[in-house]
Amino acid sequence: MTKHARTTSVANDLKLKTVLIANRGEIAVRIARATRDLGIRSIAVYSEADADAVHPTVADEAYGLKGSSAADTYMNVPALLEIARRTGADCVHPGYGFLSENADFARAVMDAGLTWIGPSPEAIETLGNKVQARQLATEVGAPLAPGTDDPIDNWEQARDFAEEHGLPIAIKAAFGGGGRGLKVVNRMEDIEEGFASAGREAVAAFGRGECYVEKFLTKPRHVEAQVLADTHGNVVVVGTRDCSVQRRFQKLVEEAPAPFLTDEQNRGIIEGAREICRAANYTGAGTVEYIVAEDGTVSFLEVNTRVQVEHPVTEEVTGTDIVAEQFRIAAGEQLSFTEDPTPHGHAFEFRLNAEDAANGFVPCPGTVTTFEAPTGPGIRVDSGVRSGSSISGNYDSLMAKMVVRGPNREVALARAKDALNEITIRGVRTVLPFHRDIVEHPAFAGDELHVYTDWVDKEYEPGFGGGHEDVEAMYVDRTNVSVEIDGRLHQIAFPSHLLASAANSQSAGASASSAGSAQGGAPEATGAAGEITCPYTGVLLAWKVEDGAEVKEGQTVAIVEAMKMESPITAKSAGTVSLSNINEGDSVSQGDVIATLK
């Protein structure tokens, strides 16, 4: 798809003129908007599955990549460089995910005579490799939890580590982040499968499966520091963020600045991040992540050598355009500021993922029939979808991000509650019911933050956002009927299906308006009696039981992968299982019967 070149009156004093955006979705839209402000021409790429996506329409020009899988498209280095050559691009921005932390891709871009919008390949290799990053953190004095010095070769080494240091342990991809390739193991008998699963996810998400092991600290908060470093020796920590609200170690809600830290903790996090990046000769945008344990211990976690999904919360409280600064740094310019900025106010980011919160946050590919963003002071929505957009099962489940800012945490939280009630997404199930609930939960909204990284998986129980007994009830699509009684307007919410048959007989004095909802097709884990069905479209990775085996209620029958996430399919009752003729590696669709129970 070739579009007319957008003209701009913005003066571009940088040497960079045309950027190839080697990514998709909301981050590709974000980069294109930043380049428009800078007066830089933007080139988007899109897979066959993304032909009608938003990001190709926002960029100045867009070019197709043959295929739909990540490997054939957004991770196809020769194809990306060929489009860069054809379009006259002089730089490449990788966004996050895909090839953003791939040193070989960075080298290929530079070898092609293009400017890489990111840190040097050497810095990516040093800090992107979690084992080497741990070694560097040790050298600069950052506190660390016990862990292996090098990637492990087999699951037995993980078992040996657990025997020495105790459980739980975390098996983590040495290359990558974002919760992909991270498995926390609490039982010795689960180590072998945890090692195999972490490796599979790492290969699928990052192309490399090496893993290492470290002691997992209980009830840890996830706190990180946003760093910007230029080629003139300036290393600035733009701010801190708390990203503790996660499911399966992938973030759902972030906030800035990180609340409820002591001065000593805050100082250690900021200065540790600065010194790690300075020691690595880092340039560009990067994030140094820590865990803050239940007892207050701060321990270095990893460095992400790219722009983060959650960078907007830091932008909102500091007035910094982090993506624009990436271009300045890559062009050889100094940062727009050389001192750590002082945060003003507080901000939350809510990731709007196509996932079913009522069924273990399983991915929900499909078509977004309605996407209506909220309005009001302090609200920003970075979106990669619109009404009519198709959500492919080939990529990440993130559709958009809603950022809400206020003068303090309390006001920001109050605004967030209104914005979450106002936003409307239909056609696919999303995590909106969870977000609406979590902002009412005392563990999150109270005077202290009691949420830790696996709190959602272990302790969260829905109901704080309106008395619902379960999240499933939150997915019921409702219509607000406005009725005036004695001069006062009242709104009554009804399940929409109950009003459908009466739509033509509504009284003239009542008007109907759609309430904010996250209605979508409900993935079911079981079909007819005794049937075990796949809750979403994906690939059957592995059978976990033999045909004819006796299984217990809740026992894992199979592992299915979609949107770069592995999820177990479990038996809803005990019985004898009969497996379908689906082979490992075969595609499965939502509702397919994968096994039956007798």
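Two housekeeping points before you click. This is a predicted model, in which local features need pLDDT of at least 70, side-chain atom pairs count only at pLDDT 80 or more, and totals for chains, interfaces and linings use all residues. Residues are numbered from 1 along each chain as its sequence is written, and side-chain values use heavy atoms, with hydrogens and water left out.

**Stop 1: Lys219**

Select Lys219, in the loop between strand 8 (211–215) and strand 9 (221–229). Helices (H or I, at least four residues) and strands (E, at least two) are DSSP runs, numbered from the N terminus. Lys219 is not a glycine, yet its phi is positive, about 45°. Its relative accessible area is 36%, so Lys219 counts as partly exposed.

**Stop 2: Phe361**

Now go to Phe361, in the loop between strand 15 (355–356) and strand 16 (362–363). Here too is a residue that is not a glycine but has a positive phi, about 60°. Is Phe361 buried or exposed? Phe361 is buried, with a relative accessible area of 8%.

**Stop 3: two cis peptide bonds**

Pick Leu167 and Pro168: the peptide bond joining them is cis, with omega about 0°. Pro168 sits in the loop between helix 7 (155–165) and strand 6 (169–173). Then try Ala256 and Pro257, where the bond is cis with omega near -10°. You'll find Pro257 in the loop between strand 11 (250–256) and helix 9 (263–279).

**Stop 4**

Colour the strands and look for an open sheet of five, in the order 3-2-1-4-5, with parallel pairing. Its edge strands are strand 3 (61–64) and strand 5, each pairing on one side only. Two strands pair if DSSP finds at least two bridges between them. Strand 1 (residues 18–21) and strand 4 run parallel and are joined by three bridges. Zoom in on Val19 and you'll see its bridge partner in strand 4, Cys91.

**Stop 5: helix 4**

Select residues 103–111 for helix 4, whose buried residues are Ala103, Phe105, Ala106, Ala108 and Val109. What covers those buried residues? The cover includes helix 3 (77–87), strand 4 (91–93), strand 5 (115–116) and helix 5 (121–128). At the start of helix 4, a side-chain oxygen of Asn102 comes within 2.9 Å of the backbone nitrogen of Asp104. After the helix comes Gly113, with a positive phi near 85°.

**Stop 6: a hairpin**

Jump to strand 23 (residues 478–485) and strand 24 (residues 488–495), an antiparallel pair with eight bridges. Ser482 has Gln491 as its bridge partner in strand 24. Two residues lie between the strands of this hairpin, and Asp486 takes a positive phi near 55°.

**Stop 7: Arg415**

From Ser482, head over to Arg415: their C-alpha atoms are separated by 23 Å, and the two are 67 residues apart along the chain. Arg415 is in helix 12 (residues 409–422) and is partly exposed, at 26% relative accessible area. Which residues does Arg415 touch, leaving aside neighbours within four places in sequence? Its contacts are Pro377, Gly378, Val404, Arg405, Gly406 and Pro407, contact meaning heavy atoms within 4.5 Å. The side chain of Arg415 also reaches the backbone oxygen of Arg405 at 2.8 Å.

**Stop 8: the largest pocket**

To find the largest pocket, select Arg248, Thr556, Ser567, Pro568 and Thr570, which lie nearest its centre among 47 lining residues. A pocket is an open set of points on a 1 Å grid over the protein atoms alone, with protein on both sides within 12 Å along at least five of seven lines; lining residues have an atom within 4 Å of a point. The volume is about 1,700 Å³, taken as the space filled by probe spheres set on the points, with grid points joined across faces, edges and corners. Which element gives the most to this lining? Strand 30 does, with six residues. Other elements giving two or more residues include helix 8 (191–206) and strand 29 (556–562).

**Last stop: a cavity**

A cavity is a set of points where a 1.4 Å probe fits but cannot get out. The whole structure has three cavities of 30 Å³ or more.

Note on methods: Buried < 20%, exposed > 50% of the residue type's maximum accessible area, 1.4 Å probe, protein only. Polar contact = N/O pair within 3.5 Å; in protein donor to acceptor, adjacent residues only side chain to side chain.
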